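Hello,

Here is the structure I said I would pass on. My notes on it follow below.

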Amino acid sequence: MTASTNYTPISYTANDYSSLRGLKGITDEQIEIHLKLYNGYVSRTNALFAKVAAMANAGQTGDSSYQELKRRAGWEWNGMRLHEYYFDNLTPGGTAMNDAFAKAVSERFGSVEAWKDDLLGVAKSPGIGWAITYLDRKSGQIWNHWVTEHECGHPAGAEPLLVLDVFEHAFSVYRKPTDRGPYLGDFFDNVNWDVVAGRL
Ligand SMILES: [Fe+2]
């Protein structure tokens, strides 16, 4: 006999990122369209969690469609959360580099410039995904990491410090899809280093 399930999922609310108008380089239209995409991830995450809960509560966890929804949850949920990290670590014109963050990355890489060069190398990797500076709190290790799409290759338990969206949709409204390099420059012109340091 299987135990009955009475699972109630959390419903997420999309964050308000209206403060991101007026970024340096990255146009308001670009942000507008990117936010629309983010909102889609939030609503699909909610719909998916509601659907799998209903199926689980109806005893359908052995169903192949339930299993496929579970597989898709990694795409939708990470698509939502990674965009929140990304938008949260932006502010129009950026802030001054935070001393605590500069010290933390300099201890690992030798200098802020060396850390940034390393991250830019990761961010220019062919493919769609994310370039992320991670902190492994267990060891104190900080490194730059590539995540394919939204869900493939997350280092288990490590915490994102700086999150950089390198999908073409992050810049193709105001730049050519081949202009990832110049977009990376625009990104760094708008980083909120205090938010990044707050994740240490
Ligand atoms: Fe994105």
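**Overall layout**

The protein has six helices and three strands. Starting at the N terminus, the order of the elements is α-α-α-α-β-β-β-α-α. Please keep in mind that this is a predicted model. Along the principal axes, the C-alpha atoms of the protein fill a box of roughly 60 × 40 × 30 Å.

The protein has 200 residues, and 43% of them count as buried. Among contacts in the protein with a separation of 6 or more, 69% are between residues 24 or more positions apart. The accessible surface of the protein is about 10,000 Å², and carbon and sulfur atoms hold 51% of it. As for charge, there are 19 positive and 24 negative side chains. The centres of these two sets lie 3 Å apart.

For reference, the ideal angle for four tetrahedral donors is 109.5 degrees.

Histidine 83 and histidine 169 link distant parts of the chain, being 86 residues apart. Histidine 83 belongs to helix α2 (residues 64–88), whereas histidine 169 sits in the loop between β3 (159–165) and α5 (180–188). Histidine 83 is buried, because its relative accessible area is 0% and the cut-off for buried is under 20%.

**Helix α5**

The buried residues of α5 are Arg180, Tyr183, Leu184, Asp186, Phe187 and Phe188. Their cover includes α2, α4 (112–123), β2 (141–148), β3 and α6 (193–198).

Threonine 45 lies in helix α1 (residues 28–57). Is threonine 45 buried or exposed? Its relative accessibility is 1%, so threonine 45 counts as buried. Leaving out residues up to four places away in sequence, threonine 45 touches Tyr12, Glu76, Trp77 and Met80.

Glutamate 29 is also in helix α1. Its relative accessibility is 51%, so glutamate 29 counts as exposed, given that the cut-off for exposed is over 50%. Glutamate 29 and valine 173 are 144 residues apart in sequence, yet their C-alpha atoms are 7.3 Å apart in space.

**Proline 92**

Proline 92 is found in the loop between α2 and α3 (99–109). With a relative accessible area of 34%, proline 92 is partly exposed, because that class covers values between the 20% and 50% limits. Apart from neighbours within four places in sequence, proline 92 is in contact with Ser19, Arg21, Gly22, Leu23 and Asn190. Aspartate 136 is 44 residues from proline 92 along the chain, and 29 Å separates their C-alpha atoms.

Regards

Technical notes:
Residues are numbered from 1 along each chain as its sequence is written. This is a predicted model: local features need pLDDT of at least 70, side-chain atom pairs count only at pLDDT 80 or more; totals for chains, interfaces and linings use all residues. Side-chain values use heavy atoms; hydrogens and water are left out. Helices (H or I, at least four residues) and strands (E, at least two) are DSSP runs, numbered from the N terminus. Buried means under 20% relative accessible area, exposed over 50%, partly exposed in between (1.4 Å probe, protein chains only). Contact means heavy atoms within 4.5 Å. Accessible areas come from the Shrake-Rupley method with a 1.4 Å probe; for residues, only the protein chains shown count as cover. Lys and Arg count as positive and Asp and Glu as negative; His and the chain ends are not counted. The place of a charge is taken as NZ of Lys, CZ of Arg, CG of Asp or CD of Glu.
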